[in-house]
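Student: I would like to learn how to read a protein model. Where do we begin?
Tutor: With the structure on display, and then with one term at a time.

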Amino acid sequence: MKTSFILAFVLSSGLLFSSCGSKQEEKEQEEEKADEAKSPVDALQAFADKAKEMGNREAVDPIDFRKLKELLPEKVAGLSRTEATGEKSGAMGFTVSTAEGKYSGGDGGESIDIEIIDTGGIAGVSTMTLAAWSIAEIDKETATGYEKTTKIDGYKSFEKYDNQNKSGELNILVADRYLVNVDGNNVTIDQLKDVLKDIDLSKLAGLK
């Protein structure tokens, strides 16, 4: 997702809304069991509470995109980084910082893109719109693949993969502010998951 598209999308959605391991793994399993035990009413209330929480967040000045670029690995899944770019852009009071890394060089035509976005400058409803899956529960299968919401390192994430095309994506929302998007072609879903292991999510969560 390119920054220009993000801004256009956020601006339009913002106008629309304004007008109307171990212990960690055990913890995640317990949370998943708790989620399964919720009644439809409880699930709906949790959805509403999360939407309200994110909607009430105030926008802050996004960090320097160079700090985001520092989190882009030199290599992922055996592929070398061929390009690393970043920018801070905005319009009408909406601002985001973005860093993007492109990786290729495999024998099978593999390619992976990593995008890290600081949505601090479009907090609230706009962030929620960009990561609508973060307040939803998705579990879907198709003839060739699947898509589902899950948790990675305790953070809500969205996973989508097509077995036929060997392409997929992982999206994760860190600290209700940073979006990490990993897209890949001619790769396995396990390779995409390994990419996230090469990104210091804890450090990202602590950036201010």
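Tutor: Take the term contact: two residues are in contact when they have heavy atoms within 4.5 Å. The model here is a predicted one. Leaving aside neighbours within four places in sequence, glutamate 159 is in contact with Tyr146, Glu147, Lys148, Thr150, Glu169, Leu170, Ile189 and Lys193.

Student: Where does glutamate 159 lie, and is glutamate 159 buried or exposed?
Tutor: Glutamate 159 belongs to strand S7. Buried means under 20% relative accessible area. Glutamate 159 has 3%, so it counts as buried. Its side chain also makes a polar contact, at 2.3 Å, with the side chain of tyrosine 146.

Student: How many helices and strands does the protein have, and what share of the residues is buried?
Tutor: The protein has seven helices and nine strands. Of its 208 residues, 40% are buried. The protein exposes about 11,300 Å², and 49% of that comes from carbon and sulfur atoms.

Student: What should I look for in a nonpolar core?
Tutor: Look for buried nonpolar residues that are joined through their side-chain atoms. The largest such core here has 29 residues, and the members that touch the most others are Ile112, Ile114, Val180, Val182 and Leu204. Strands S3, S4, S7, S8 and S9 each give two or more residues to this core, as do helices H6 and H7. H6 gives the most, with four residues.

Student: Which residues does isoleucine 112 touch?
Tutor: Not counting residues up to four places away in sequence, isoleucine 112 touches Val76, Ala77, Leu79, Gly101, Lys102, Tyr103, Val182, Asp183, Gly184, Val187, Leu192 and Val195. There is also a second, separate core of nine residues, which includes Val96, Leu130, Phe158 and Leu173.

Student: How do I read the sides of a helix?
Tutor: An α-helix has 3.6 residues a turn, so residues three or four places apart point the same way. In H6, the buried residues are Ile189, Leu192, Val195 and Leu196. They lie on the same side of H6, because they cover an arc of only 110° around the axis.

Student: How many aromatic pairs does a search of the whole structure find?
Tutor: The search finds one aromatic pair. Planes under 30 degrees apart count as stacked. The rings of tryptophan 133 and phenylalanine 158 have planes at 25° and centres 6.5 Å apart, so this pair is stacked.

Student: Which parts of the chain does the pair tie together?
Tutor: Tryptophan 133 sits in the loop between helix H5 and strand S5, and phenylalanine 158 in strand S7, so the pair links parts that are 25 residues apart in sequence. Tryptophan 133 and phenylalanine 158 are both buried.

Student: Let us go to strand S3. What is the relative accessible area of serine 97?
Tutor: Serine 97, which is found in strand S3, has a relative accessible area of 0%, so it is buried. The side chain of serine 97 reaches the backbone oxygen of isoleucine 63 at 2.6 Å. Among the residues that serine 97 touches are Pro62, Ile63, Phe65, Leu68 and Asp118.

Student: How do I read a phi angle?
Tutor: Most residues other than glycine have a negative phi. Alanine 77 is not a glycine, yet has a positive phi of about 50°. Alanine 77 is found in the loop between strand S1 and strand S2, and at 30% relative accessibility it counts as partly exposed.

Student: Where is aspartate 153, and what is its phi?
Tutor: Aspartate 153 is in the loop between strand S6 and S7. Its phi is near 55°, again a positive value in a residue other than glycine.

Conventions:
Residues numbered from 1 in each chain as written. Predicted model: local features only at pLDDT ≥ 70, side-chain atom pairs only at ≥ 80, totals over all residues. Heavy atoms only, no water. Core = buried A, V, L, I, M, F, W, Y, C linked by side-chain atoms within 4.5 Å. Buried < 20%, exposed > 50% of the residue type's maximum accessible area, 1.4 Å probe, protein only. Polar contact = N/O pair within 3.5 Å; in protein donor to acceptor, adjacent residues only side chain to side chain. Arc of directions from axis to C-beta. Phe/Tyr/Trp six-rings, centres within 6.5 Å; stacked < 30°, edge-to-face > 60°. Areas by Shrake-Rupley, 256 points an atom, 1.4 Å probe, with all protein chains shown as cover.
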